[in-house]
Amino acid sequence: MLRIENLSAFYGEAQVLREVSLEVAAGEVVTLVGRNGAGKSTLLRCVMGLHPGQRGTVSLDGRDLTKLPAYKRARLGLGWVPDDRGAYATLTVTENLTLPPRVGPDPWPLERVYEAFPALYARRDSAATMLSGGEQQMLALARVLRMGARLLLCDEPTEGLSPLLVQQVGDLLREAKQHGVTVLLVEQNLHFATGVADRHYLLAEGRIAEAMDNSEVRSRERELLAYLGI
Amino acid sequence: MSGFAQNTFNGLVSGAFYALLALGLAVIFGMLRVVNFAHGAFYMLGAFGAYVLLTEAGVPFWAALVIMPLALGLLGMALERAVIHRLTRLDPLYNFLLTFGLTLILQDLVKTRYGVQSSPYATPAALSGSVDFGLFDFPTYRVFILGFTVLLCVGVWWVLSRTRIGMVVRAATERPELTRAFGIDVGRWVTPVFGFGIGLAGLAGVLAAPMRAVNPLMGADLIIVVFAVVVIGGLGSIFGSVAAGFGIGLVQAWGESYLSDFPIVSQTIVFIVMAVVLLWRPAGLFGREEAPA
């Protein structure tokens with residue numbers, strides 16, 4: 001579904017991604033793990049079309065996205081869950097949810113979103129930045145489900161969440177996967193990653209260092225954690 | 001007591017002009033991240049346009065009140081497409097150079113044709129005279145300005161807070177890049193929003209024509225205070241710009257009458273308020289610290 005070929009990205013003179021190639025098949029959940037600064041977030045931003053300095057190609061279902069602006073990529077079914085959760089202070093919770101147009105074949109109706117997230121329903125008319133960190137994360141996920149995005153780009157959705165909320169995020173991603181949604185996930189929490197994902201890429205210094213499956217990650221967990229510095 | 005009511009009323013009327021101009025600057029800055037130093041020139045063009053329409057074509061005030069904002073809004077949209085949009089990728093210094101340069105060009109074009117002397121513009125007949133409020137009576141035209149401006153600000157607030165267009169404008173103003181990532185073509189809204197802001201400046205100009213001297217520099221004198229208003233309200237804050245507009249109008253009017261023994265204070269009171277606000281809240285009263293993209 002998503003194919004990245006020879007992707008390089010730059011911040012001014014500094015190169016943060018070096019000729020990265022990877023693929024995510026439809027319905028797969030794939031994580032990118034790596035140390036801080038390895039280029040994980042930059043890779044997601046390149047896929048979304050939010051990083052200006054890049055070379056290489058990104059394609060979705062065989063369609064080259066490289067020249068498309070971010071808003072057109074979103075309309076093709078890309079759902080962005082940014083690392084800062086992207087809650088708008090000047091929009092209510094409901095407005096945050098309904099801002100993006102519906103783009104996919106299976107967008108969640110607002111009622112269903114609120115059934116799944118009673119905490120958001122209770123605060124539906126508040127400014128989104130009044131929500132707790134965990135609620136803002138739920139809002140970010142709920143927003144792309146309401147859009148009906150086919151490919152979710154999630155940047156550390158569990159960062160800073162309590163174990164209970166981490167579990168909820170995992171349940172949501174598994175449920176989305178069951179409905180055929182594809183996910184590319186940046187994640188530092190290996191335990192969480194092996195619980196939701198099918199495959200993993202280890203990103204080091206802007207390159208794909210290794211591709212691993214769940215059993216490999218589990219058997220090498222201690223080594224990987226030491227490497228990631230967690 | 002009636003002196004106080006008089007000062008308060010006049011302060012609110014001046015405040016109405018500040019609010020209209022600051023509101024336009026705020027929506028433009030929010031959407032384009034452009035500080036439009038040419039805003040005062042468009043205000044002047046609104047007043048001058050109304051004057052020229054009346055003296056050379058016999059077009060009455062009420063028609064000018066519709067024609068000038070629309071015409072200047074279209075001119076603004078054309079300028080946005082032609083030059084303003086090129087500013088987005090440039091150093092903010094170019095923002096200043098371009099919009100200030102536009103001001104000088106527009107002012108001098110008017111000067112070349114009409115000179116620098118002020119021209120009188122008669123108050124429309126329906127709004128001459130005064131309205132009796134029991135203890136005091138106020139000029140009808142000023143009552144009209146105040147009521148009209150308040151209605152307009154409420155209307156803009158309603159569109160921004162209750163409609164889908166308003167929601168998109170708010171989102172794009174707060175975080176343009178994120179909003180693009182949610183499938184919204186932010187660029188499509190930029191030109192109409194710029195035109196709308198310019199149209200408001202033109203409207204303020206038409207409203208000013210019967211009340212203030214119509215001359216090529218009328219905008220230059222006013223815009224300095226308007227920038228102080230925008231800074232006090234919080235750059236880019238819609239509500240802040242309107243509230244600060246009326247607030248500064250009041251502060252100025254009260255200052256002029258109650259601090260008239262201290263001209264140094266009464267003439268600079270707007271900037272004193274601005275300095276104090278900036279020390280206390282660097283982002284302005286209703287501004288937020290710039291959010292990450």
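**Entry 1: strand β7 of chain A**

I began with the pairing of β7(A) and found five bridges joining it to strand β8 (residues 182–186) of chain A, the two running parallel. Within that pairing I noted A:Leu184 of β8(A) as the bridge partner of A:Leu153. The model is a predicted one.

I then turned to strand β6 (residues 78–81) of chain A, which is joined to β7(A) by four bridges and also runs parallel to it. Here A:Leu78 lies opposite A:Leu151 of β7(A).

I followed the chain from β7(A) to β8(A) and recorded a right-handed β-α-β unit, with helix α7 (residues 163–178) of chain A as its helix.

Next I asked how many residues of strand β7 (residues 151–155) of chain A are buried. Five of the five are, so the strand is largely enclosed by the rest of the structure.

**Entry 2: the antiparallel sheet of chain A**

I traced an open sheet of four strands in chain A, ordered β2-β1-β4-β5, with antiparallel pairing. Its edges are β2 (14–24) and β5 (63–64) of chain A, each of which pairs on one side only.

Inside the sheet I examined strand β1 (residues 2–11) and strand β4 (residues 54–60) of chain A, which are antiparallel and joined by six bridges. A:Ala9 stands opposite A:Gln54 of β4(A).

I also found helix α1 (residues 40–48) of chain A packed on this sheet, where it touches β1, β2 and β4 of chain A. The direction of this helix makes about 115° with that of β1(A).

**Entry 3: helices α1 and α5 of chain B**

I looked up how α1 (residues 2–32) and α5 (residues 140–162) of chain B meet: their axes come within 9 Å and cross at roughly 35°. I recorded the crossing of α1(B) past α5(B) as left-handed. The contact includes B:Leu12, B:Ala16 and B:Leu23 from α1(B), and B:Ile145, B:Thr149 and B:Val156 from α5(B). By class, I noted ten nonpolar residues, one polar and one charged in this contact.

**Entry 4: where chains A and B touch**

Finally I examined the contact between the chains, to which chain B gives 15 residues and chain A 20 residues. On the chain B side, α6 (164–174) and α7 (176–181) each supply at least two residues. I recorded that side as seven nonpolar, one polar and seven charged residues.

Key:
Residues numbered from 1 in each chain as written. Chains lettered and ligands numbered in written order. Predicted model: local features only at pLDDT ≥ 70, side-chain atom pairs only at ≥ 80, totals over all residues. Axes fitted to C-alpha atoms, helices over the stretch in contact; angles between N-to-C directions. Left-handed = near helix turned anticlockwise from the far one by under 90°. Contact = placed C-beta atoms within 7 Å. Nonpolar A, V, L, I, M, F, W, Y, C, P; charged D, E, K, R; others polar. Buried ≥ 20, exposed ≤ 12 C-beta atoms within 10 Å, placed from the backbone. Pairing = 2+ DSSP bridges. Right-handed = clockwise from strand over helix to strand, strands pointing away.
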